[in-house]
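Dear colleague,

Here is the structure I promised to pass on to you. Please have it open while you read, as my notes on what was found in it follow directly below.

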Amino acid sequence: MDFLPIFMRLGQRRCLVVGGGAVAERKLRLLLKTDAPVRVVAETVSPEVRQMVDAHGLELYQRRFAADDVVGCGLIIAATNDHASNLAIHRIARKHSIPINVVDTPALCDFIFPANVDRTPLVVAVSSGGASPVLARWLRAKIEAWLPARYGQLARLAERMRAPVKQRLPDEKARRAFWEKILQGPIAEQVLAGREQDAEQALNEALANSAQTATGEVYLIGAGPGDPDLLTFKALRLLQQADVVVYDHLVNPDIIELARRDAQRIYAGKQRQQHTLPQPQINQLLIDKARSGLKVARLKGGDPFIFGRGGEEIESLMALGIPFQVVPGITAASGCAAYAGIPLTHRDHAQSCTFVTGHLKNDQINLDWQDLVKPRQTVVIYMGLVGLAQICAQFIAHGAEPDRPAAIVQQATTSNQKVVIGTLANLPELCAQAQLQAPTLIIIGSVVRLHNHLAWFSTAPAMP
Ligand code: SAH
């Protein structure tokens with residue numbers, strides 16, 4: 001971070017603005033939203049600045065800037081249209097160790113003005129660190145449109161109720177759960193609809209009836225195949241509520257970053273032959289954390305109910321009456337299809353699609369080969385990299401033509417995505433040459449041919 005985002009209380013700190021044109025005017029408008037006294041020094045002053053000076057009784061010196069002007073000031077804005085003057089002001093500010101902003105010159109700024117969305121007391125500030133003010137303003141406009149106008153009132157209500165809520169709910173977890181429920185529920189909606197008094201009354205009633213200890217909960221969340229943009233809104237919302245995040249190796253680290261900063265993160269592993277936590281221990285962990293009143297986000301790659309053992313995890317929760325929610329995710333097959341340009345079904349190629357696991361048990365893959373080799377279908381094989389040669393051989397042995405198209409996709413939807421296209425006969429060889437790394441997904445069927453036509457829309461994003 002080039003600039004640390006902080007919000008500063010100006011209080012009675014005097015602010016000096018040097019310059020009296022349009023740029024100075026914009027900064028003055030902002031400063032006037034605070035209570036800080038303002039001093040303006042400028043040889044010429046625009047009518048708008050003049051009007052602000054008169055209306056707010058600002059201190060104005062209509063002359064050239066002099067070094068003494070900085071005395072007694074806590075913040076300086078150099079907004080003249082003359083670079084040499086701005087430089088001179090900067091030098092003096094440095095000498096006195098007073099933070100300065102030189103407009104449009106990020107290199108000379110101790111602080112910069114972000115683009116603001118003002119819902120006082122709630123303020124969203126967006127900055128590109130001077131790299132692209134237009135981008136920051138564009139983002140600000142998006143947030144402005146998205147954030148309801150009365151969010152400030154909501155924050156004020158929360159502020160008024162903070163002490164009573166704290167008194168009634170001394171337990172921090174219970175308190176957080178209470179606020180999360182209020183701020184996302186009908187009481188908040190009442191405030192946003194302008195019915196603040198009703199909302200305040202309802203809030204008091206909700207507080208009187210609230211449980212004094214938090215009840216834990218588990219969110220079994222499908223985190224998708226890799227690209228964080230493929231998370232659902234619900235996944236993101238619940239992830240950000242979680243006190244604890246338990247995640248698998250398949251979950252992109254960028255997604256774990258989206259959890260609350262203070263959330264505990266626990267790696268539950270599960271790489272081939274490297275089970276970090278055995279399944280019963282994971283189940284027990286979820287139970288223990290939820291029972292101690294915590295909200296637990298159990299993040300799983302793809303969809304939790306597709307080769308994800310999600311069923312087992314919720315069974316043990318259900319048996320103990322622990323509340324849980326399941327959030328579906330985009331499974332690897334869908335991710336591969338979209339990002340590698342291989343549709344899973346297609347009018348002219350495949351009327352059905354089967355997902356199977358190619359996991360080896362005692363070096364064998366037990367699948368209904370007779371069924372899988374039938375034409376006009378797509379077969380997607382999860383966990384099949386190690387058994388690829390065996391899979392292709394079994395297909396051919398059970399009557400599939402050796403030139404049936406087959407593909408293997410490495411780390412779909414991430415910047416490491418690689419697609420290898422071949423046939424049942426040559427895919428193992430091509431795959432060995434490509435030195436693919438897990439996770440990989442195998443797709444068999446004539447839809448693979450469409451890859452050549454559709455690959456142009458493959459959209460694996462750049463990710464660190
Ligand atoms: N629940 C997950 C699957 C877990 S099984 C889902 O719905 O996607 C693990 C297997 O999923 C891996 O061996 C691999 O075959 C597949 N897989 C998961 N993410 C993948 C990705 N980004 N690219 C390719 N295959 C992936």
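F178 has a relative accessible area of 8% in this predicted model, and because buried means under 20%, F178 counts as buried. W179 is likewise buried, at a relative accessible area of 16%. The count of aromatic pairs comes to six, and F178 and W179 form one of them, with an edge-to-face arrangement in which the centres are 5.7 Å apart and the planes stand at 65 degrees. Another edge-to-face pair is made by W369 and F395, at 5.9 Å from centre to centre and with 75 degrees between the planes. This pair links distant parts of the chain, since W369 lies in helix α14 (residues 369-372) and F395 in helix α15 (residues 388-397), 26 residues apart. Both W369 and F395 are buried. Elsewhere, ring pairs join F307, F355 and Y382 into a cluster.

Turning to charged side chains, the structure holds 24 salt bridges. R176, which is partly exposed with a relative accessible area of 23%, forms one of them with E172, where the closest N and O atoms are 3.7 Å apart. These two residues are four positions apart in helix α6 (residues 172-183), so about one helical turn separates them. R176 also meets D262 in a salt bridge, at 3.3 Å from N to O. R260 is in the loop between α10 and β10 and D243 in the loop between α9 (233-241) and β9, 17 residues apart. R260 counts as buried at 18% relative accessibility, and D243 counts as buried at 13%. Through shared partners, salt bridges join E172, R176, D243, R260 and D262 into one network.

Finally, a word on strand β11 (residues 295-300), in which six of the six residues are buried, so that the strand is largely enclosed by the rest of the structure. Both of its faces are covered, with K295, A297 and L299 buried on one side and V296, R298 and K300 buried on the other. Strand β8 (residues 217-222) pairs with β11 in the parallel sense over six bridges, and G222 stands opposite K300. Strand β9 (residues 244-248) also pairs with β11 in the parallel sense, over four bridges, with A297 as the bridge partner of V245.

With best wishes

Key. Residues numbered from 1 in each chain as written. Predicted model: local features only at pLDDT ≥ 70, side-chain atom pairs only at ≥ 80, totals over all residues. Heavy atoms only, no water. Buried < 20%, exposed > 50% of the residue type's maximum accessible area, 1.4 Å probe, protein only. Pairing = 2+ DSSP bridges. Phe/Tyr/Trp six-rings, centres within 6.5 Å; stacked < 30°, edge-to-face > 60°. Salt bridge = Lys/Arg side-chain N within 4 Å of Asp/Glu carboxyl O.
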